[in-house]
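Biologist: Could you show me the model, and then take my questions about its interior and its helices one by one?

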Amino acid sequence: IRDWWKTEDQITLITRPRRFGKTLNMNMLECFFSDKYAGRSDVFEGLSIWKYEEYRNLQGTYPVISLSFAKIKDSNFTSCCKRMEGILYEVFLKHDYLKGSDKLSEEDKTDFNRVMDTLRLRKESEEVEDVLNMLCRFLYQHTGKKPLIFLDEYDTPMQEAYLQGYWDELVSFIRNLFNATFKTNPYLGRA
C-alpha cells in the first residue's frame, strides 16, 4: 500500500504472471482505501501499514470503483459488449445511493438513472464508453474526493477478441472506454 501510494502515479499497470497475487493486492487496496470500509481499522491494525499515522488517516476515506473483466470470454463482439455492460451495471448498482445524494443536481440524478437503464437493458449506446468517467464525476461531487479505480483482468476480453476474431472492433471500444476513464478524466484520483 505504501509503495503504491508513495509513487503518486495516477495510473499504475501491474503486469505479473498468473497466480502472482494481482487480484489479492487490488482487493487489499480496495479494503484499505474505500469509504465502504470506513471504521474498519481492525482489518489493518497490527500490520506494518498501521505504524504510519499518515496511512491510518487515509484508511476508509476514498470513493472506490472496483471491477473485473475476468468473466468476459465471449465468442463475438456483441456478446462481449453485453457482458461488459452487465459488469458496468453492477458497478453502478453498488453506487445507487448516489440517487439520493443532496450534492448531485436533479439533472445528474436523471443522467445516473438513464445510464443505469441503458446498462441494465443492455442497450447499445456510445454512452457506455463514458460511464466510468460519469461515475467518477458523480462520486467526486458526492464526496469531494476523486475516486480510485481498480480494474482487474482488463486484458481478458482483449485476449478472447484476438482468439475469436473480433479484435479490431473491441480495440476501438476499449480504446474509447479507457481514454474516457483513465486518460481524459478530470475526476479520477488514481487507478
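This is a predicted model: local features need pLDDT of at least 70, side-chain atom pairs count only at pLDDT 80 or more; totals for chains, interfaces and linings use all residues.

Biologist: Which residues does Leu 67 touch, not counting residues up to four places away in sequence?

Modeller: Contact here means heavy atoms within 4.5 Å. With residues up to four places away in sequence left out, the partners of Leu 67 are Ile 87, Leu 88, Val 91, Leu 132, Ile 149, Phe 150, Leu 151 and Asp 152.

Biologist: How are the rings of Phe 92 and Phe 112 arranged: stacked, tilted or edge-to-face?

Modeller: Phe 92 belongs to helix α4 and Phe 112 to helix α5, so that the pair links parts of the chain 20 residues apart, and each of the two is buried, with a relative accessible area of 0% for Phe 92 and 0% for Phe 112. Their ring centres are 5.1 Å apart and their planes meet at 40°. Planes under 30 degrees apart would count as stacked and planes over 60 as edge-to-face, so this pair, at 40°, is tilted.

Biologist: Is Tyr 162, which pairs with Trp 167, buried or exposed?

Modeller: The rings of Tyr 162 and Trp 167 form an edge-to-face pair, with 6.0 Å from centre to centre and 90° between the planes. Trp 167 has a relative accessibility of 37% and counts as partly exposed. A residue counts as exposed over 50%, and because Tyr 162 has a relative accessible area of 61%, Tyr 162 is exposed.

Biologist: Which charged residue lies over the face of Trp 4?

Modeller: Trp 4 is part of one aromatic cluster, together with Trp 5, Phe 32, Phe 33, Phe 44, Tyr 62 and Phe 150. Another ring of this cluster, that of Tyr 62, has the charged end of Lys 145 over it, 4.2 Å from its centre. Over the face of Trp 4, at 5.5 Å from the ring centre, lies Arg 190.

Biologist: At what angle do α4 and α5 pack?

Modeller: Two packed helices are described by the angle between their axes and the distance between the axes. Between α4 and α5, the residues that meet are Glu 85, Leu 88, Tyr 89, Phe 92 and Leu 93 on one side and Phe 112, Val 115, Met 116, Leu 119 and Arg 120 on the other. The crossing of α4 and α5 is left-handed, their axes are 8 Å apart, and the angle is about 145°.

Biologist: Where does the chain take a positive phi just after α7?

Modeller: The buried residues of α7 are Thr 156, Pro 157, Met 158, Glu 160 and Ala 161, and what covers them includes α4 and α8. Just after α7, a positive phi of about 90° is found at Gly 165.

Technical notes. Residues are numbered from 1 along each chain as its sequence is written. Side-chain values use heavy atoms; hydrogens and water are left out. Rings of Phe, Tyr and Trp (its six-membered ring) pair if their centres lie within 6.5 Å; planes under 30 degrees apart count as stacked, over 60 as edge-to-face and the rest as tilted. Helices (H or I, at least four residues) and strands (E, at least two) are DSSP runs, numbered from the N terminus. Buried means under 20% relative accessible area, exposed over 50%, partly exposed in between (1.4 Å probe, protein chains only). A charge sits over a ring if NZ of Lys or CZ of Arg is within 6 Å of the ring centre and within 35 degrees of the ring normal. Axes are lines fitted to C-alpha atoms, for helices over the stretch in contact, and angles run from 0 to 180 degrees between N-to-C directions. A crossing is left-handed if the near helix is turned anticlockwise from the far one by less than a right angle, and right-handed if clockwise.
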